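Welcome! Have a look at the model below, and then we can walk through some of its charged side chains together.

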Amino acid sequence: MCNSMAVSSLALGGLTVLTQAQQADAQADAINARNASARSAADVSLGDKLTQLSRQQEQQRIEVGAANIDDSIRAQQARATAAVAASQSGVAGASVDQLLAQFDTQEAVRQDRNLARFEAANDRRQQQAQGFITDRERIYAGLAPANDASDLATGLGLATTALNAYDMFDRRTNRASGV
């Protein structure tokens, strides 16, 4: 009778420890799946945001290029008009050269401003991109770690169950023998 109780206790305890280990493994698998899904979503979101920033940069690059071409055309037309007017009126020399140089200067200033605006917007986009990367890192850092049931913990649980069963057996045996 004593042996059967100890064996039953050992079997039940072992089954409990193994069931708990399986549940811990299943829970860890579920956490790992959720974490993988969250990482994937964060990566896709980051990729989408960076792609959008890249599109904005390319669109602005096109706009700046077009504005610079327009500025060059306007300056060229102004120089041509001034040169024709000066030629028709018989004016020549340093004053005409200064007027033409002024058109060149104005064109260069407008193009420098276009470039400065582009670079400032590009700096803002870089800051946004870094913020998006930081957001993804926060998501990664906030994910719960999965704790698999370790083989050591399962083994210790089984050993504890075996010791408890032996202790129960030993107490009953010693009580029955009067020791």
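Predicted model: local features only at pLDDT ≥ 70, side-chain atom pairs only at ≥ 80, totals over all residues.

Does Glu107 count as buried or exposed? At 12% relative accessibility, Glu107 counts as buried, where buried means under 20% relative accessible area, exposed over 50% and partly exposed in between (1.4 Å probe, protein chains only).

Residues are numbered from 1 along each chain as its sequence is written, and side-chain values use heavy atoms, leaving out hydrogens and water. The protein chain has an average pLDDT of 84.

Glu107 belongs to helix 2 (residues 94-141); helices are DSSP runs of H or I with at least four residues, numbered from the N terminus. The model has seven salt bridges, each a side-chain nitrogen of Lys or Arg within 4 Å of a carboxyl oxygen of Asp or Glu. Three of them are shown here:

| Salt bridge | Closest N and O atoms |
|---|---|
| Asp71 and Arg74 | 2.4 Å |
| Asp104 and Arg79 | 2.5 Å |
| Glu107 and Arg79 | 3.4 Å |

Glu107 lies in helix 2 and Arg79 in helix 1, so this pair ties together parts 28 residues apart in sequence. Arg79 is partly exposed, with a relative accessible area of 21%.

Together with Arg110, Asp71 and Arg74 are linked in a network of salt bridges.

Note on methods:
Helix = DSSP H or I, 4+ residues; strand = E, 2+ residues; numbered from the N terminus. pLDDT = per-residue confidence, 0-100.
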